[in-house]
Amino acid sequence: MIPYRVSHIRRLGPARLTAGLDDHRRLDLNAHYRFHDRLPSQTVDALISMAEEVDLRGRGGAAFPFARKLRAVSSRARDSETVVLVNAAEGEPASLKDKTLLTRAPHLVLEGALLAASALGSREVVIAVGAGELAEASVTAAVAERGLTGLVRVAGIQERFVSGEGGALVRAVNGEAGLPPGRKVRSSDSGVRGLPTLLSNTETFAQLAVLAELGPEEYAAVGTVQEPGTILLTVGGSVATPAVVEVTPGVPLADVLNLCEAKIGDGLLLGGYHGTWMAAEDAYGAILSRRGAKEAGGELGAGIVVVLGEDTCPLGETARVANYLAAQSAGQCGPCRLGLPDLARACRRLQDGDPEGPELIRRAAAAVKGRGACFHPDGSARFALSALDAFADDVEEHRFHGGCGRTTKGVLPLPIEDAQDARLVVDWTRCQGHGLCAHLVPELVKLDRHGFPVFMDTGVPSWLLGEAQKAVEMCPALALRIGTK
């Protein structure tokens, strides 16, 4: 897991979601009500009307209309119990905004969730958050402060990159493996305990509370006509002040970079590890909104901005994350099991100076796009492909000169690896190039042109441990073992 620090808060615009956080490390219930009004109950029709009026969208990355989710669950509420599920499973390593809300302003999130639950007549609210984190402790304390232990359940789940996918989250809350299901099931049809479930992101419920407090007209007084209100960004990487920044849509991305004293070199990553790389000149010309990001060739996603400085290799950073994404797959379909490791190897080969590197990346990405059981292959392909355009000069340096002369500093955050992470380890004094390991675990091993194994630079995912152990046991030269790096 990534060690969590209470983030700096910065703003470009009014303090709404972050009100009071300049003076308080955490807003308890009394402090919360010094900065926010007590919210009266609303009918579900009133909530739907308000959400539609300001076009409130989910803030987890997909930007799905919240009113449409609310209406879908409401239509089933007459015939069934309903549940409200807050998706606080922030498995994206570069994002801290949801953890920050739950850690520092938990009652604002609870207000939004309780407002929706009251309108729907839901008997249970579930907050699904990474187990053992500060956010889990903070929201648990907030539930106790309100005396809501019987109504609100805090579900600590195992956090990984795909844990925030809706189907994976529902399965984890229901006590199953937190992996995306093979087929799409709308949570509004069947979610927690098989009941119609209103599922949305942490920030979305906080936004709902602010909308109900201010009313649609005041809420829409800032931002753009198409995207009113404020949004939260997580800004990190090569910046002097990493921060969670509350901004109004429509401000230049350059203003946010200046606010956090960014030391931008080749470019930045917008939207997280399923987002897109942007060249520096494109980033400085971009407007911060969903529309503005698209016009600049990027994706706003969950509001993640990771800046690359001049002293790190952008292709090395890309290869690091591609390895991580391959290891984080659910391992349930071919594009994830085989395609993402191929994509990671292609990124590594480009970093190492293979002239065919760009074509290998394009070929591997084409093999996984649109073919997965979830969106993980598509997002991973988008991430890798965008590096070819954003870092075109570096691509040529690596292809024709073997590198750009810079080391990879690890600017993009990744979870700290457990010292006991399982890895395939080879004794090269024994290996005779039989190639059986590549046949048994092609997800982890490829053969070079001499027939000797080339291993993925990552640990063995839990779903591959059985096959990896089989490869160890069947190695004719007894050259393979499972160890640590």
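Predicted model: local features only at pLDDT ≥ 70, side-chain atom pairs only at ≥ 80, totals over all residues.

Q: Where does Asp393 lie?

A: Asp393 is in helix α16.

Q: Which residues form the negative surface patch?

A: The negative patch consists of Glu281, Asp282, Asp393 and Glu397.

Q: And which helices supply at least two residues each?

A: Those are α10 (280-284) and α16 (392-401).

Q: Switching to aromatics. How many aromatic pairs are there in the whole structure?

A: A search of the whole structure gives 6 aromatic pairs. One of them is formed by Tyr273 and Tyr324, with 6.4 Å centre to centre and 75° between the planes, an edge-to-face arrangement.

Q: Where do Tyr273 and Tyr324 lie?

A: Tyr273 lies in the loop between β8 and β9 (276-279), while Tyr324 belongs to helix α12 (residues 314-327), so their pair ties together parts 51 residues apart in sequence.

Q: Are those two buried or exposed?

A: Tyr273 and Tyr324 are both buried.

Q: What about Trp277 and Phe383?

A: Their ring centres are 5.8 Å apart and the planes are at 40°, so this pair counts as tilted. The pair links distant parts of the chain, with Trp277 in strand β9 and Phe383 in helix α15 (residues 376-390), 106 residues apart.

Q: Why does Trp277 count as buried?

A: Because its relative accessibility is 3%, and the cut-off for buried is under 20%. Phe383 is buried too, at 0% relative accessibility.

Q: Which residues do ring pairs link into a cluster?

A: The cluster contains Phe161, Tyr273, Trp277, Tyr324, Phe383 and Phe391.

Q: Now the backbone. What is the phi of Glu261?

A: Glu261 has a positive phi, about 55°, and is not a glycine. Glu261 sits in the loop between α9 (253-259) and β8 (267-270).

Q: Why is Glu261 classed as partly exposed?

A: Because Glu261 has 47% relative accessibility, and exposed would need over 50%.

Q: What about the phi of Leu478?

A: Leu478, also not a glycine, has a positive phi of about 55°. Leu478 is in the loop between α18 (465-474) and β14 (480-483).

Q: Is Leu478 buried or exposed?

A: Leu478 is exposed, with a relative accessible area of 59%.

Methods. Residues numbered from 1 in each chain as written. Heavy atoms only, no water. Helix = DSSP H or I, 4+ residues; strand = E, 2+ residues; numbered from the N terminus. Buried < 20%, exposed > 50% of the residue type's maximum accessible area, 1.4 Å probe, protein only. Patch = residues over 30% accessible without salt bridge, like charges linked within 9 Å, V, L, I, M, F, W, Y side chains within 5 Å. Areas by Shrake-Rupley, 256 points an atom, 1.4 Å probe, with all protein chains shown as cover. Salt bridge = Lys/Arg side-chain N within 4 Å of Asp/Glu carboxyl O. Lys, Arg positive; Asp, Glu negative; His and termini not counted. Charge placed at Lys NZ, Arg CZ, Asp CG, Glu CD. Phe/Tyr/Trp six-rings, centres within 6.5 Å; stacked < 30°, edge-to-face > 60°.
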